[in-house]
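Hi everyone, and thanks for coming along.

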Amino acid sequence: MSIEIRNIKKEFGNFTALDNVNLDVPNGELVALLGPSGCGKTTLLRIIAGLESPDHGSIHFHGEEATDRDVRERQVGFVFQHYALFRHMTVFENVAFGLRVRPKKTRPTEAEIHRRVHQLLELVQLDWLADRYPPQLSGGQRQRIALARALAVEPKVLLLDEPFGALDAKVRKDLRRWLRRLHDELHITSVFVTHDQEEALEVADRIVVMNHGRIEQIGSPQEVYDNPASPFVYKFLGNVNQFNSRVNEGQAHIGDISLSLNQHHSIQNSNALAYVRPHDIEVFTEPNGEQTLQAIVSYIHAAGPSVRLELQPVNESDTIEAEISRERFRELALNQGAHVYLKPRRVQVFLETGTTTPS
Amino acid sequence: MAKHKQKNVLPGFNLSLGYTLLYLSLIVLIPLSAAFFKTTELTFAEFWHTVTTPRVVASYKLTFGASLFAAIINAIFGLLTAWVLTRYTFPGKKLVDALVDLPFALPTAVAGIALTAVYATNGWLGSILEPHGIKVAFTPLGVVVALTFIGLPFVVRTVQPVLEDLEAETEEAAASLGANRWQTFRRVILPALWPALLTGFALAFARAVGEYGSVIFIAGNMPMVSEITPLIIITKLEQYDYTGATAVAVVMLVISFLLLFAINGLQWWSSRRNSASR
């Protein structure tokens, strides 16, 4: 079922949680609402679920108006960050809850409930825990039970509020891959909220980046990572170096170097911010004729798949972060304090007005 | 190999245990056992006769029946009060919250006189109820009213903190799974409140069984009708029938103990069922 969100506004006292939000979630997609805390992503999710009502605007499920529909009738499965399992019920009863509370006419028989619950528990690979109580389970197991419970009512839409937020890093990684596989199997339209960009980039079909109650950018993980629509998205998705620059007739000037842009040819001497990802900075030990920034290696993080360098530019105060492969690091034979020359491979410039230009 | 002594952050376990035992013995155990010893001055036949005279038996029935009834009323309305105080904001909420504790603070005799004045046939409420054939003051109903009054804070104060800690998310989860309000209350909220509710009920009941001051004013103390057991004990004491008084006291003690034991068992059972678990 597709979801259409139109002009949603929500205020809490003086605080604007959502400011005129429009969003379409196509049928069967897994969409991530990504943003820092307080950006309104959870509020939006709760409005889609019907746990919160918007001050203004409307929600449509598959073209049908659902703004005033009660949460009970929306046929949404909701998974909470802190699981919200019923602790006095066994795992089995937790999953069966949604079936047992149905009106007599539509309630499945006991045998049918039994069959369905075990089927769901097998789906989340926890059938062997059916008789345990939630407090006896680990966080990852609890969240999978919460998911099975939400799926038991055969929801048309699955909503997950920071589903892996309370788990430790390893479990988190396993679970999000598992969620992706599960989604590929079930194809339920799903929306999940997260503040973890890595999680969103890895799991989602489409990412909605939010900030201050507004949507900053909507796109596939690759789109939002490679072509951020605003400085905020740039900074929020992955590490980035920010440089003050001037743009003049299609040229961006950062410190001593100038780079030609394929836009802004008519701009005269305008202040702009230039962004370069750490892995888009090339590091040389010799100034091989090209325009480069000079810097001194102030710290080396050599643990991990690549080597991260903290660099102190000679003419600027802000440190620059560069990421190079281990091979390249060995080739350069860098030490702390070494003098290096930097060349940005790929720069994106945002003028004061906020237009974008890949170089 | 030498056994390592368990180290605690706070020392003094032995001292505090010894003190606790001594204190409990002096304050609780010795006076209670004195009642038993005094009673042994009677032969069993005399004892049995004293504690089974119709007037005394009627008083047991009134005391325990009215206490149970009052505790049940308190459990229901105390839960409701706690619910309103935690879930809603309204003007004067703080005042209502403070009012709940009043029965704790008020001298019981004051409560008794106040209730009697209000419920007597010429009182504010009594004069309204009288024409409808409802007599409160000087009847067993009056006893229930007084016991309900003094037991109110127990349920409210035990349920309130648990209700405050209850995650709103579990209720939202229930609603998103299609449960209606009653189902959510019955299947999700009530099981979580049950242990606290039972504790409050037990405390209110125990307090009501031992209540004397507020009851004797409103009860009218008619033998066989509205005479409570504590009053019988006092009456016997006033007649210098010390062994008779302790005999009745012992019976009360045993019944109270058994009832509290049963309630505790129920509590243990329900909390174990909840937290097979925690």
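Predicted model: local features only at pLDDT ≥ 70, side-chain atom pairs only at ≥ 80, totals over all residues.

Now, Q125(A) belongs to the loop between α3 (110-123) and α4 of chain A. I picked this residue for its backbone: Q125(A) is not a glycine, and still has a positive phi of about 60°. Is it buried or exposed? Q125(A) counts as exposed, because it has 12 C-beta neighbours inside 10 Å.

There is another residue of this kind, E154(A), which has a positive phi of about 50° and is not a glycine either. You'll find E154(A) in the loop between α4 and β7 (157-161) of chain A. With 11 other C-beta atoms within 10 Å, E154(A) is exposed.

Helix α4 of chain A covers residues 139-152, and A146(A) lies in it. Which residues does A146(A) touch, leaving aside its neighbours within four places in sequence? They are V79(A), F80(A), Y83(A), A84(A) and L85(A). As for F86(A), it is 60 residues away from A146(A) along the chain, with 9.6 Å between the two C-alpha atoms.

On to the sheets of chain A. One is an open sheet of six strands with mixed pairing, and its order is β6-β7-β8-β3-β9-β10. At its edges stand β6 and β10 (214-219) of chain A, each with a single partner strand, so each has one side without a neighbour in the sheet. Neighbouring strands here are turned by 15° against each other on average, ignoring direction. If you follow the sheet to β10(A), you'll see that strand β9 (residues 206-211) of chain A pairs with β10(A) in the antiparallel sense, over five bridges. There, V208(A) stands opposite I218(A) of β10(A).

Another open sheet in chain A has five strands, in the order β15-β19-β16-β17-β18, and its pairing is antiparallel. Its edge strands are β15 (281-284) and β18 (320-325) of chain A, each pairing on one side only. In this sheet, neighbouring strands are turned by 45° against each other on average, again ignoring direction.

Let's zoom in on strand β16 (residues 293-301) of chain A. It pairs with strand β19 (residues 339-344) of chain A in the antiparallel sense, over four bridges. It also pairs with strand β17 (residues 306-313) of chain A, antiparallel too, over six bridges. As for A295(A), its bridge partner in β17(A) is P313(A). The hairpin of β16(A) and β17(A) has four residues between the strands, and G304(A) in this hairpin takes a positive phi near 120°.

Now please turn to chain B. How many helices and strands does it have? Chain B has 13 helices and zero strands. Its C-alpha atoms fill a box of roughly 75 × 65 × 30 Å along the principal axes. Of the 278 residues in chain B, 33% are buried. Taking the contacts in chain B with a separation of 6 or more, 78% come from residues 24 or more positions apart.

One helix pair deserves a moment: helix α3 (residues 54-87) and helix α10 (residues 181-210) of chain B. Their axes come within 8 Å and cross at roughly 145°, and the crossing is right-handed. Among the residues making this contact are F64(B) and L68(B) of α3(B), and F201(B) and F205(B) of α10(B). By class, the contact of α3(B) with α10(B) has 12 nonpolar, five polar and no charged residues.

Finally, where do the chains meet? The contact takes 21 residues from chain A and 20 residues from chain B. On the side of chain A, the elements giving two or more residues are β6 (76-79) and α2 (91-100). That side has 13 nonpolar, four polar and four charged residues.

Key
Residues numbered from 1 in each chain as written. Chains lettered and ligands numbered in written order. Contact = placed C-beta atoms within 7 Å. Nonpolar A, V, L, I, M, F, W, Y, C, P; charged D, E, K, R; others polar. Buried ≥ 20, exposed ≤ 12 C-beta atoms within 10 Å, placed from the backbone. Pairing = 2+ DSSP bridges. Axes fitted to C-alpha atoms, helices over the stretch in contact; angles between N-to-C directions. Left-handed = near helix turned anticlockwise from the far one by under 90°.
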